[in-house]
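Please keep the sequence and the 3D view at hand as you read.

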Amino acid sequence: MTDRPAFEHFFKTELLPVLRPLEEQRLALVKKIIITGGLIAAAGLLLAAFLIANSVDLRILLFPAVGGFALGAFLIKRMSSEYIFGFKTLIVEPVIQYVSPGLTYVPASGIPEIRFIASGIFRHRIDRFRHEDLIQGTVGKTPIKFCELHAEYKTGGKNQTWKTIFKGQFFIADFNKHFKGRTFVLPDTAEQMLGRFGQKLQEIGKSHGELVQLEDPEFEREFAAYSTDQVEARYILSPSLMRRMLEFKNKTGEKVYFSFTGGEVNIGISSAKNRFEPRLFSTVLDVDLVREFVADLQMALDVVDDLNLNTRIWTKK
Amino acid sequence: MFIILIVPAVLIVLLVWIYNSLVGKKNAVENAFGSIDVMCKKRCDLIPNLVAAVKQYAAHESGTLEKVTALRNQAAAENLSPDETIQLNNQLTHALGGLMVTVEAYPELKAGENFAQLQRALNETEEQLSAARRTFNAAVTDYNNAVEMFPANLVAGIIHYTRRQLFEAAEQERTNVDVGQLFKS
């Protein structure tokens, strides 16, 4: 699927004809941005010169400077949104079809907030919720959807700031076994730092259900499992799945959250990277950029194989 | 004077707390054993259908089938002690494993929708049984830790709580399956 010659052929025949006009659009956009930036800067300098000539306190300049930056950022965002949207539909969409035909891609959509909350992983009040790059379809026998999302809350008091609850890729996939309860596998911070005492602390944090003590010591070091049903949790978390989850976590190298609810597995991989975004200040006529998209997508789709979700030997088909 | 009252009071509270947590752990073990029992019964319910399905296509495997049926009947009997339940079900797991390998030689049987369904159901109960066994072992480990660790071991000694056995996977499950051996038996 991603072998080199075939990929290069795909890039040359399918993508390059579309990328060329996009590159022109990008260059025009960069020109516009530079002109706009120059105008704002010139206005700022004029203002500064005027103030200095009238010997006013220069600290006042701070306000127009901040305003100028904000205006600049706003204008850049507005000017580039059309280009970004064009890029995503013209480039990312064919790349996704190339990697796995049958997947659908909606750049401006994502997993709804209510589904994110229903996963039960994050319990904090959400004040701002953003998502993009929804990809959904069936991989093998497993229906799956994933997107990038960012959930935040606002701190109270005088200095209100936005704090991140979760930022990264969020997946919902059909699980290959039937279950009724709710089981959570979360990154274990308490046990890593505090050992056995940390275990006691985990027992106190019961909002996700009862602590489930599993046999795999390495798994126990990385994760803490909670469930509404001890037996069901072990039915879901078979020894082989625990191994696979560990390997998956090591592969991503990020904090990984799992929950098993309503017959589905929800997976959150926190990550600062914004995937499937075009570049503004360097050429898009670059096979490596597209190759990176393919790798990102492949890594996401590999979740199904990594967690062995296509093995359907139990009563759930 | 005050100390003389406080020390025994604290001791009594401590004793009650230790005692209660021991009883709680013992009950958790029994509860976990209950779910093993449920899964074993579920599996026993499946076996007659499975045997009937295999018989249609593989009549001359009657030796293996009879062995499975006999073990199933023993395991399904009421009034088994926990140890007997565990032992019989380990044997049954082994015998069923043998049967499933035998079945590989009968493509028409494996192709049937009915058999496929049964095989899924069997995989399901095996997986559930393994989960129940692991839950039981976790509960027993927790209980054994309490019984042997200071200071709960003092209280455990007084109320005659002793170590419980873990539910080990059957010896055959741990060693690699010797396919040739399975065909002979």
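A:D133 is buried, as 24 other C-beta atoms lie within 10 Å; a residue counts as buried with 20 or more such neighbours, exposed with 12 or fewer, and partly exposed in between, using C-beta atoms placed from the backbone. This is a predicted model, where local features need pLDDT of at least 70, side-chain atom pairs count only at pLDDT 80 or more, and totals for chains, interfaces and linings use all residues. Residues are numbered from 1 along each chain as its sequence is written, while chains are lettered from A and ligands numbered from 1 in the order in which they are written.

**Backbone points to look at**

- A:D133 has a positive phi of about 55° although it is not a glycine.
- This aspartate, A:D133, sits in strand β2 (residues 128-139) of chain A; strands (E, at least two residues) and helices (H or I, at least four) are DSSP runs numbered from the N terminus.
- B:H160 is not a glycine either, yet its phi is positive, about 60°.
- You will find B:H160 in the loop between α6 and α7 (171-174) of chain B, and B:H160 is exposed, with 6 other C-beta atoms within 10 Å.
- B:F150 and B:P151 are joined by a cis peptide bond, with omega about 0°.
- B:P151 belongs to the loop between α5 and α6 (152-158) of chain B.

**Where the chains meet**

- Chain B brings 12 residues to the contact and chain A brings 10 residues, with contact meaning C-beta atoms, placed from the backbone, within 7 Å.
- On the side of chain B that touches chain A, helix α5 (residues 113-148) of chain B gives the most, with 11 residues.

Definitions and conventions: Contact = placed C-beta atoms within 7 Å.
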